[in-house]
Amino acid sequence: MISSEFALGITAPKGWNTIPFWSLFRRVKETGFPDEELLSVYRDHGVVPKSSRDDNFNKESEDLSSYQRVLEGSLVTNKMKAWQGSIAVSRHQGIVSPAYYVYHPLSEEHDQFLHYLLRSQPYIALYQRISKGVRVNQWDLEHDALRTIPVILPDLATQKATADFLDRETARIDQLIEKKQRLVEVTKNRNLAALQEAVLGGAKVVRSDDQRWLNDLPAGWHMIPLKHLVSVIGGATPLKDREEFWEGEIPWVSPKDMKTDEIADVPDHVSNAAIAGSALSRVPSEAVLIVVRGMILARTVPVCRLLVDATINQDMKALVPNEKAVSGKYLQRMLQGFNSVLMSFVEEAAHGTKKLRSDQLFSMQFPVPPLAQQAQIVDRIEEEHKKSGSICHKTLVSIERLREYRAALITAAVTGQIDVITYGNQGATDGTLDRIEEEVGG
């Protein structure tokens with residue numbers, strides 16, 4: 001076993017023991033419990049019922065007999081994401097993916113202390129170093145590597161006091177984070193409601209499954225099929241083993257990049273050789289991008305606008321606006337405002353993924369105002385987005401600061417850097433939370 005100082009970059013405090021992981025946990029693989037509740041391991045939440053989250057788009061197998069049983073107190077790790085912090089002691093009984101590792105406790109050490117310790121920053125950094133794989137997203141933390149890591153432990157009374165302290169203090173931080181997340185969600189919902197009202201122009205929705213789905217259309221507005229408003233460009237993925245295809249300066253956009261309203265650049269780039277040697281086409285700036293395949297469609301249909309010429313992958317479509325009928329900016333906001341309509345065209349494809357019925361989408365008629373009015377509407381929308389965006393940005397910054405403090409507090413407590421009794425009595429958490437609010441302007 002390597003030393004804690006070498007492996008973790010810290011020395012166990014005086015009086016603490018350092019023991020190998022294998023003396024604390026034994027790997028087990030109990031299958032044949034398909035009726036148990038499905039569980040997942042999250043970096044931020046630990047082990048939770050899969051049904052409790054709406055952001056897990058992984059499709060479970062139809063046959064759950066090979067899934068592994070987890071008992072309360074079991075340690076569970078997603079070996080492909082342990083380096084991100086997906087390792088935790090479970091407070092639930094259920095089953096997890098066959099790709100996970102499940103460990104049963106062998107000792108009387110305090111399992112909630114071990115939960116915090118093994119998810120602390122020094123250990124996550126260690127998992128990163130000892131995981132193996134060609135690409136980051138394919139790194140694996142194998143059992144043979146995990147079983148030999150050093151685990152630093154104080155006496156049982158200190159373990160319990162530390163775990164109780166962290167339960168109390170992290171719960172406070174989590175409640176504050178949740179409150180701020182609700183503020184962001186409320187702000188976004190209000191923004192969406194204002195956007196929907198703007199692109200409806202006062203018209204009334206009658207039926208969303210009918211081509212004549214609006215009443216009282218404003219004067220000068222027309223119902224026009226989307227296929228008459230745009231030309232469509234598809235995407236592709238150049239061969240990964242052709243290095244010359246991936247050594248260019250042309251952005252290659254995929255669904256993972258569709259998290260902003262506008263795209264000026266992305267991490268992946270291709271060359272002119274890739275366009276010449278594959279099914280890729282150059283997409284002009286001001287085109288509106290839309291995701292047409294992927295599990296993200298279970299929740300929303302991402303739409304954004306290009307600020308530069310680019311290329312896209314095969315799970316997306318680029319809509320080039322007919323400038324005589326619609327501007328790129330208005331087309332983007334119109335589709336975002338009618339996200340619920342877009343969602344009605346989503347269905348399940350092969351292998352359980354989601355896809356957008358493009359034929360129905362492009363046949364759908366949308367309300368379109370004159371170009372001059374489009375510009376006025378976009379200006380109002382942009383002004384509203386600017387105000388709400390400022391609120392969301394400050395709130396998200398404060399959430400990130402709170403998460404950083406939470407992680408630092410856990411590390412300090414489980415590695416003996418602070419005396420949890422003194423720290424709690426001094427109200428140090430209150431002072432830090434107040435300081436974060438003041439610095440961020442929350």
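Predicted model: local features only at pLDDT ≥ 70, side-chain atom pairs only at ≥ 80, totals over all residues.

**Entry 1: the whole thing**

I looked up the secondary structure and got 13 helices and 24 strands. Then I checked the extent, and the C-alpha trace spans about 80 × 50 × 45 Å along its principal axes. The protein has 442 residues, and buried ones make up 45% of them. Taking contacts between residues at least 6 apart in sequence, 72% join residues at least 24 apart.

**Entry 2: helix α2**

Next I went to α2, which runs over residues 111-118. How many of its eight residues are buried? I got seven, so this helix is largely enclosed by the rest of the structure. The buried ones are Gln 112, Phe 113, Leu 114, His 115, Tyr 116, Leu 117 and Leu 118.

What does α2 meet in α5? From the α2 side I listed Gln 112, Phe 113 and Tyr 116. On the α5 side they meet Gln 159, Thr 162, Ala 163, Leu 166, Asp 167 and Thr 170. Sorted by class, this contact has four nonpolar, four polar and one charged residues.

For the geometry, the axes of α2 and α5 come within 8 Å and cross at roughly 65 degrees. I noted the crossing as left-handed.

**Entry 3: helix α11 and its partners**

I stayed with α5, which covers residues 156-200, and looked at how it sits against α11. Their axes come within 10 Å and cross at roughly 170 degrees. An angle over 145 degrees counts as roughly antiparallel, and α5 and α11 are therefore roughly antiparallel to each other. The residues of this contact divide into 21 nonpolar, nine polar and seven charged.

Then I checked α11 (residues 371-414) against α13 (residues 428-440). These two pack at an angle of about 155 degrees, with their axes 10 Å apart. So α11 and α13 also come out as roughly antiparallel to each other. Their crossing is right-handed.

Which residues meet here? From α11 I wrote down Lys 394, Val 397, Ser 398, Arg 401, Leu 402, Tyr 405 and Leu 409. From α13 I wrote down Ala 428, Thr 429, Thr 432, Leu 433, Ile 436, Glu 437, Glu 439 and Val 440. By class, that contact divides into eight nonpolar, three polar and four charged residues.

Asn 339 turned up in helix α9 (residues 339-343). Is it buried or exposed? Asn 339 is buried, at a relative accessible area of 16%, because the cut-off for buried is under 20%. I found a polar contact between the side chains of Asn 339 and Thr 300 at 3.3 Å. Not counting residues up to four places away in sequence, Asn 339 touches Thr 300 and Val 301.

Asn 78 sits in strand β6 (residues 75-78). At 11% relative accessibility, Asn 78 counts as buried too. Setting aside neighbours within four places in sequence, I found Asn 78 in contact with Ser 86 and Tyr 100.

**Entry 4: two loop residues**

Where is Glu 286? I found it in the loop between α7 (272-276) and β18 (288-291). Glu 286 is partly exposed, with a relative accessible area of 31%.

Thr 148 is in the loop between α4 (143-146) and β10 (150-153). At 34% relative accessibility, Thr 148 counts as partly exposed. Its side chain reaches the backbone oxygen of Ala 145 at 3.2 Å.

I finished with two pairs. The C-alpha atoms of Thr 148 and Glu 383 are separated by 57 Å, and these residues are 235 residues apart along the chain. Phe 366 and Arg 147 are 219 residues apart along the chain, with 59 Å between their C-alpha atoms. I looked up Phe 366 as well: it lies in strand β24 (residues 365-368). Phe 366 is buried, with a relative accessible area of 0%.

Note on methods. Residues numbered from 1 in each chain as written. Heavy atoms only, no water. Buried < 20%, exposed > 50% of the residue type's maximum accessible area, 1.4 Å probe, protein only. Helix = DSSP H or I, 4+ residues; strand = E, 2+ residues; numbered from the N terminus. Polar contact = N/O pair within 3.5 Å; in protein donor to acceptor, adjacent residues only side chain to side chain. Contact = heavy atoms within 4.5 Å. Axes fitted to C-alpha atoms, helices over the stretch in contact; angles between N-to-C directions. Parallel < 35°, antiparallel > 145°, perpendicular 65-115°, else oblique. Left-handed = near helix turned anticlockwise from the far one by under 90°. Nonpolar A, V, L, I, M, F, W, Y, C, P; charged D, E, K, R; others polar.
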